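Student: I have just opened this model and would like to understand the words used for it. Could you take me through them?

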Amino acid sequence: LFSTVARTMVIPALCSFGLLGNVLNMFILLKRVREGVDYMEKGAMIGMIALALADFLFCFVTIMNTYLAKDAMIFKAADMSLFFTMYGNFAVNVLIKTGTWCTVIMALGRYFAVCHPLKARQHMRPSHTLIAIMISFLLWIFIHLPLLWTFSSFPMDCGWKGNVIFLNFGVFMDNIRLRTTFTYLWAVLGFFIPVAVLAYCNT
């Protein structure tokens, strides 16, 4: 009962606040950038806008996932419910990791601005922050590609009930070695390294 309430009520409520909060963040930050800021501060603003966008998309996908993804193996049509059941976990994980690395990129920028201010002013540009975030996003899409093969789908003729789409476990679930390898890779790149970098930069 608790898990059902958390999944269907608490999480969507928190994500709804997240949607509103991140829209306000992006509005305020974009307005601040348009008003004109120092190029060092502009890089930080770009990082915060990217983080707000990643969090906004995460909240949106999580809400959609909550109500559309199903614990089912048979679907009547190739609709949004089937799409989120098969690929929702991929999108959520990519956005979580992208948001994490937006934070890491901003922390590295602050570190160089505080500890190496002269070099930072000579070499750091807002475009560098934007490029780093885009590379991070593309990298996490690539690293999470195996999640796209969590399930496989194929049509089945159920006679008088018509055609349905049947889900089965895909290559990623069937291959234990592949699943274990990527689980450790995601943990190292998406948790342990960010924690170490953030601890060092903030210290």
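Student: What makes the charged end of K97 count as sitting over the ring of W140?

Tutor: Bear in mind that this is a predicted model. The charged end of K97 is 5.9 Å from the centre of the W140 ring. The cut-off is within 6 Å of the ring centre and within 35 degrees of the ring normal, so a charge that meets both sits over the ring. K97 is listed as sitting over W140.

Student: Why is the pair of F172 and W186 called tilted?

Tutor: The ring centres of F172 and W186 are 5.8 Å apart, with 45° between the planes. Centres must lie within 6.5 Å to pair; planes under 30 degrees apart are stacked and over 60 edge-to-face, so 45° falls in the remaining class, tilted. This pair also links distant parts of the chain: F172 belongs to helix α6 and W186 to helix α7, 14 residues apart. Both F172 and W186 are buried.

Student: What makes the pair of F191 and F192 edge-to-face?

Tutor: Here the angle between the planes is 80°, and the centres are 5.1 Å apart.

Student: Why is F191 called partly exposed, and why is F192 called exposed?

Tutor: Exposed means over 50% relative accessible area and buried means under 20%, with partly exposed in between. F191 has 48%, so F191 is partly exposed. F192 has 51%, so F192 is exposed.

Student: How many aromatic pairs does the structure hold?

Tutor: There are 9 aromatic pairs. Ring pairs also join F83, F84 and Y87 into a cluster.

Student: How do you know that the length of helix α3 agrees with its number of residues?

Tutor: Helix α3 covers residues 80-115, which is 36 residues.

Student: Which element gives the largest share of the lining of the largest pocket?

Tutor: That is α3, with 6 residues. The lining has 20 residues, and F84 is one of those nearest the centre, together with N65, A69, K70 and D71. The space in this pocket is about 440 Å³.

Student: How many helices and strands are in the chain, and what share of its residues is buried?

Tutor: The protein chain has 7 helices and 3 strands. Buried residues make up 34% of its 203 residues.

Definitions and conventions: Residues are numbered from 1 along each chain as its sequence is written. This is a predicted model: local features need pLDDT of at least 70, side-chain atom pairs count only at pLDDT 80 or more; totals for chains, interfaces and linings use all residues. Side-chain values use heavy atoms; hydrogens and water are left out. Rings of Phe, Tyr and Trp (its six-membered ring) pair if their centres lie within 6.5 Å; planes under 30 degrees apart count as stacked, over 60 as edge-to-face and the rest as tilted. Helices (H or I, at least four residues) and strands (E, at least two) are DSSP runs, numbered from the N terminus. Buried means under 20% relative accessible area, exposed over 50%, partly exposed in between (1.4 Å probe, protein chains only). The expected span of a helix is 1.5 Å times one less than its number of residues. On a 1 Å grid over the protein atoms alone, a cavity is a set of points where a 1.4 Å probe fits but cannot get out, and a pocket is an open set with protein on both sides within 12 Å along at least five of seven lines; lining residues have an atom within 4 Å of a point. Grid points are joined across faces, edges and corners, and a volume is the space filled by probe spheres set on the points.
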